[in-house]
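Dear colleague,

I am handing over the structure we spoke of, and I would be glad if you could read the notes below with the coordinates open beside them.

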Amino acid sequence: MIKARVTVTLKNGVLDPQGKAIEHALDGLGFAGVGSVRQGKVFDIEIDSADRARTEADLKAMCDRLLANTVIENYTVAID
Amino acid sequence: MAEISSDLIYEILKSVQTRLSNVESVAIEHSHGLNAIRGHLASMQAEQQCVFDPHTHRPATRSNRTPPRIARTRRTSKTIRSHHMKSAVVVLPGLNRDRDMIAALTKISGKAPVTVWQTDTEIPDVDLVVIPGGFSYGDYLRCGAIAARMPVMRAVAEKAEKGVQVIGVCNGFQILVEAGMLPGALMRNDHLKFVCREVKLRVENANTSFTSNYAPGQIIRAPVAHHDGNYFADPDTLARIEGEGRVLFRYAENTNPNGSINDIAGIVNDRGNVLGLMPHPENLIEAAHGGSDGRPLFESALGIVARQPEPA
């Protein structure tokens with residue numbers, strides 16, 4: 001069993017109104033010095049396989065085809 | 001012989017009066033029933049007229065409330081042509097504007113569209129495929145992301161490759177973008193709120209199969225209802241679609257409801273046969289909707305010649 005974590009984040013230059021709202025809320029709570037907040041998604045995926053290289057390729061394909069919208073998002077794949 | 005007393009006469013008169021008033025009330029009841037039937041007939045005739053002859057149909061207004069004629073045996077060639085235009089509506093779990101879209105297409109084309117389910121891998125022979133609005137798959141992951149990967153979308157893409165016209169409205173637009181059939185992405189509204197109101201659109205390009213019944217630069221009214229209508233594209237893509245006249249509708253008169261880049265409300269693909277737009281033209285097609293500014297879009301797509309403007 002391979003455990004992987006996929007992180008999807010917005011590309012630079014793509015406006016993130018939700019991140020902005022969180023930024024303002026943190027400011028409102030009194031946390032000083034919060035420069036910027038960008039919101040993203042995390043997927044924890046378990047894959048029944050022993051082939052790490054193959055699994056990594058599969059995970060990247062999953063990101064390209066579904067988990068991320070590569071028009072606006074970047075992704076990283078980390079395998080335990 | 002019994003004595004005719006005034007009491008007896010009084011009783012007899014009272015009974016006659018009661019019976020008469022009973023008869024009268026029954027007569028009034030029947031009269032109401034007849035009126036109701038007449039009303040039903042009139043509305044059925046109006047419906048019939050609407051279905052069979054979308055060109056001459058005028059929704060009842062103060063000036064033309066006369067009952068419609070029953071006999072409609074002749075149809076113009078124009079009408080017959082519209083009867084050949086067939087449409088399909090894609091139905092996915094979570095969509096909620098499919099019924100509105102089906103009603104609009106039925107009224108405008110004179111023929112009920114076929115419905116295609118998410119797992120269908122083939123779409124019948126049609127001239128127009130419409131993906132209506134709603135919240136397919138609960139907007140999970142990203143709006144339209146799951147729907148865009150359903151088998152039916154492969155069939156929609158095949159139709160588009162053959163030149164069949166495709167329209168995606170609201171969630172349908174999001175699905176077309178997620179399926180890669182239109183460029184860019186639709187992001188959360190800049191103010192983060194769901195927006196449900198009427199906006200103004202400018203017809204930027206009237207020289208397409210979707211907008212030929214509008215005048216260039218025409219300002220039209222359109223309802224919007226969405227949470228993720230904030231159109232985004234990278235600078236190169238944006239320059240390309242703008243340069244190629246592929247922005248068909250732009251929010252006008254400062255009514256951009258979502259922060260969409262360049263006020264973009266609707267775009268077409270490079271071939272010009274796939275349209276995506278956030279506003280709901282299907283909800284503004286007849287007087288009962290409070291206007292019919294959305295009607296020319298479907299009439300253009302269905303090849304129906306523009307009607308004379310309705311008297312104000």
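Predicted model: local features only at pLDDT ≥ 70, side-chain atom pairs only at ≥ 80, totals over all residues.

Chain B has a secondary structure of seven helices and 11 strands, and of its 312 residues 46% are buried. Among the contacts in chain B with a separation of 6 or more, 73% are between residues 24 or more positions apart. The accessible surface of chain B amounts to about 15,900 Å², with 54% of it belonging to carbon and sulfur atoms.

Turning to the interface, 17 residues of chain A are in contact with 13 residues of chain B, and the area buried between the two chains is about 1,200 Å², to which carbon and sulfur atoms give 68%. Of the area that chain A buries against chain B, 36% is supplied by Pro17(A), Leu66(A) and Val71(A), which is more than any other three residues supply.

As for polar interactions, five residue pairs are in polar contact across the interface of chain A and chain B, counting pairs with both residues at pLDDT 80 or more, and the count of salt bridges between the two chains is one. That salt bridge is formed by Arg142(B) with Glu73(A), and the closest N and O atoms are 3.7 Å apart. On the side of chain A that touches chain B, the elements giving two or more residues are helix 1 (17–28), strand 2 (41–47) and helix 2 (52–67) of chain A. By class, that side of chain A has 11 nonpolar, three polar and three charged residues.

Leu67(A) is found in helix 2 of chain A, and it counts as buried because its relative accessibility is 11%, below the 20% cut-off. Leaving out residues up to four places away in sequence, Leu67(A) touches Val6(A), Val8(A), Phe43(A), Ile45(A), Met62(A) and Glu73(A) in chain A, together with Leu141(B) and Arg142(B). Leu67(A) and Ile47(A) are 20 residues apart in sequence, and their C-alpha atoms are 15 Å apart in space.

In chain B, Asn273(B) lies in the loop between strand 10 (264–268) and strand 11 (274–277), and Asn273(B) counts as buried because its relative accessibility is 6%. The side chain of Asn273(B) reaches two backbone oxygens, that of Ala160(B) at 2.8 Å and that of Val164(B) at 3.0 Å. With neighbours within four places in sequence set aside, the contacts of Asn273(B) include these two residues as well as Gly163(B), Gln165(B), Val166(B) and Phe210(B).

Most residues other than glycine have a negative phi. Glu253(B), although not a glycine, has a positive phi of about 55 degrees, and its place is in the loop between strand 9 (247–252) and strand 10 of chain B. Asn262(B), also not a glycine, has a positive phi of about 55 degrees and is found in the loop between strand 9 and strand 10 of chain B. Asn262(B) is partly exposed, with a relative accessible area of 36%.

Conventions. Residues numbered from 1 in each chain as written. Chains lettered and ligands numbered in written order. Heavy atoms only, no water. Helix = DSSP H or I, 4+ residues; strand = E, 2+ residues; numbered from the N terminus. Buried < 20%, exposed > 50% of the residue type's maximum accessible area, 1.4 Å probe, protein only. Polar contact = N/O pair within 3.5 Å; in protein donor to acceptor, adjacent residues only side chain to side chain. Contact = heavy atoms within 4.5 Å. Areas by Shrake-Rupley, 256 points an atom, 1.4 Å probe, with all protein chains shown as cover. Buried area = accessible area lost by both parts, 1.4 Å probe. Salt bridge = Lys/Arg side-chain N within 4 Å of Asp/Glu carboxyl O. Nonpolar A, V, L, I, M, F, W, Y, C, P; charged D, E, K, R; others polar.
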